[in-house]
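The paragraphs below lead through a protein chain one part at a time. Keep the sequence and the structure in view while reading.

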Amino acid sequence: MAQTSHGTDRDLQAGIADLLERMAGETAHVGVSVRGGMVMLFGEVGSTAERLRTRQAAMGVLGVRGVADEMVVREPGTPGASDADLTTLANRLLATDAAVPAGAVRAGVRGCVLTLSGAVAVTGQRDAAARAVQNLPGIVGLCNDVRVAKPPVDGNRRSS
């Protein structure tokens, strides 16, 4: 007996919802609808990485023809944060990251785009600053303007 597309859609929706439920509760605020094998994901996720994992999980289900991503990156259950709130949180994350030198990097947010500024000694510290804030809920873009300072002058020089 052949399945109708409606039955298949219902099966896909149930399968994807079950898969998302098993993803360690990350996607508790994500809804799923399916029509003709096309999946729509909607609701809230806590980070861009979570959004990507959720979309990839849905794409991996047999029978899915495509995924429309209508998810919003936001701490579940809270209203969207203001730029000032996001700036405060980003600076707090930078201050508590051991790989980022204290006071060397500052964050600012405008239009939900986070900009990092300041100067560090090595590229790894610049990259660590970006990693510290890249999954901040509510941020839609990241501009890393942190400069890598020139290395100090060699102290082994002989003076005449």
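Two strands count as paired if DSSP finds at least two bridges between them. In this predicted model, pairing of that kind gives an open sheet of three strands, in the order 1-2-3 and with mixed pairing. Strand 1 (30–35) and strand 3 (66–73) are the edge strands, each pairing on one side only. From one strand to the next, the twist averages 10°. Strand 2 (residues 38–45) and strand 3 run parallel and are joined by eight bridges. Within this pairing, Glu 44 stands opposite Val 72 in strand 3.

Helix 2 (residues 48–59) packs on the sheet and touches strand 1, strand 2 and strand 3. The direction of helix 2 makes about 160° with that of strand 3. At 1.5 Å a residue, the 12 residues of helix 2 should span 16 Å, and the end C-alpha atoms are 17 Å apart, which agrees. Which residues of helix 2 are buried? They are Glu 50, Thr 54, Ala 57 and Ala 58. Seen down the axis of helix 2, these buried residues fall within an arc of 95°, so they line one face of the helix.

Is Ala 49 buried or partly exposed? Its relative accessible area is 25%; a residue is buried under 20% and exposed over 50%, so Ala 49 is partly exposed. Ala 49 and Val 73 are 24 residues apart in sequence, while their C-alpha atoms are 9.5 Å apart in space.

Strand 4 and strand 5 run antiparallel, joined by six bridges. Val 109 has Leu 114 in strand 5 as its bridge partner. The hairpin of these strands has two residues between them, and Gly 111 there takes a positive phi near 65°. Strand 4 has a covered face of Val 105, Ala 107 and Val 109, and an uncovered face of Arg 106, Gly 108 and Arg 110.

In helix 4, the buried residues are Ala 128, Ala 129, Ala 130, Ala 132 and Val 133. What covers them includes helix 3, strand 4, strand 5 and strand 6 (141–144).

In soluble globular proteins, nonpolar side chains tend to be buried together. The largest nonpolar core here has 19 residues, of which Leu 94, Val 105, Leu 114, Leu 116 and Val 133 touch the most other members. Helix 3 (83–96), strand 4 (105–110), strand 5 (113–120) and helix 4 (123–133) each give two or more residues to this core. Helix 4 gives the most, with five residues. Apart from this core lies another, of 17 residues, among them Met 23, Val 30, Val 45 and Met 71.

How values were computed. Residues numbered from 1 in each chain as written. Predicted model: local features only at pLDDT ≥ 70, side-chain atom pairs only at ≥ 80, totals over all residues. Heavy atoms only, no water. Helix = DSSP H or I, 4+ residues; strand = E, 2+ residues; numbered from the N terminus. Axes fitted to C-alpha atoms, helices over the stretch in contact; angles between N-to-C directions. Contact = heavy atoms within 4.5 Å. Core = buried A, V, L, I, M, F, W, Y, C linked by side-chain atoms within 4.5 Å. Buried < 20%, exposed > 50% of the residue type's maximum accessible area, 1.4 Å probe, protein only. Expected span 1.5 Å × (residues − 1). Arc of directions from axis to C-beta.
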